[in-house]
Amino acid sequence: RFLGKYLSQYVSVLVEEGEGKVDIIRQGFDYVKWKRTQERNKMNTTFTLPSKEEIVSHLVSFIEDRVREWCVQADIKRLCEENHKQLLQMKMFLNKRKDQKLKQKYGELTHILTQCIYLVPISALSRAVQEEVIHWIFSNEDRVWRYRGG
């Protein structure tokens, strides 16, 4: 019933960290309830129900295939202009992949990113922008270390 929440968490971890944590789906999927429902809805089943591990494996495979498709079809230049967060998530995902198409996409992405990045000394920014940047760094550092146990 609430599997969507766990699938969403899995996708978030997959794109943010580059690797999915299968335990998220495994723990969120109530196999016993699902099996009861399947047996109740199909009185004379002629096939055996798949195991929990088979279902989880199919879900993970399906999700990763869809994310791969998204990466291959994505317009990196447009993402760089419109949604930088998604672009960086894609970079994390692609960095962990061995597939040749995805490696090629990763190369394209890093090339475009190097063209989009401009380094400026912080002193060249206005005082308000400096404070905003420092606040952003502080907030994200806290978030990163919280998940790393530090």
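Reader: Among contacts in the protein chain between residues at least 6 apart in sequence, what percentage join residues at least 24 apart?

Author: A contact means heavy atoms within 4.5 Å. In this predicted model, 50% of the contacts between residues at least 6 apart in sequence join residues at least 24 apart. Local features need pLDDT of at least 70 and side-chain atom pairs count only at pLDDT 80 or more, whereas totals for chains, interfaces and linings use all residues. Residues are numbered from 1 along each chain as its sequence is written, and side-chain values use heavy atoms, with hydrogens and water left out.

Reader: How many helices and strands are there in the protein chain?

Author: Helices (H or I, at least four residues) and strands (E, at least two) are DSSP runs, numbered from the N terminus. The protein chain has eight helices and zero strands.

Reader: How many aromatic pairs are there, and which residues form the aromatic cluster?

Author: Rings of Phe, Tyr and Trp (its six-membered ring) pair if their centres lie within 6.5 Å, and planes under 30 degrees apart count as stacked, over 60 as edge-to-face and the rest as tilted. By this rule the count is three aromatic pairs; one of them, Phe29 with Tyr31, is edge-to-face, at 6.2 Å centre to centre and 70 degrees between the planes. Phe29, Tyr31 and Trp34 form one aromatic cluster.

Reader: Is Phe29 buried or exposed?

Author: Buried means under 20% relative accessible area, exposed over 50% and partly exposed in between (1.4 Å probe, protein chains only). Phe29 is buried because its relative accessible area is 8%, and Tyr31, at 17% relative accessibility, also counts as buried.
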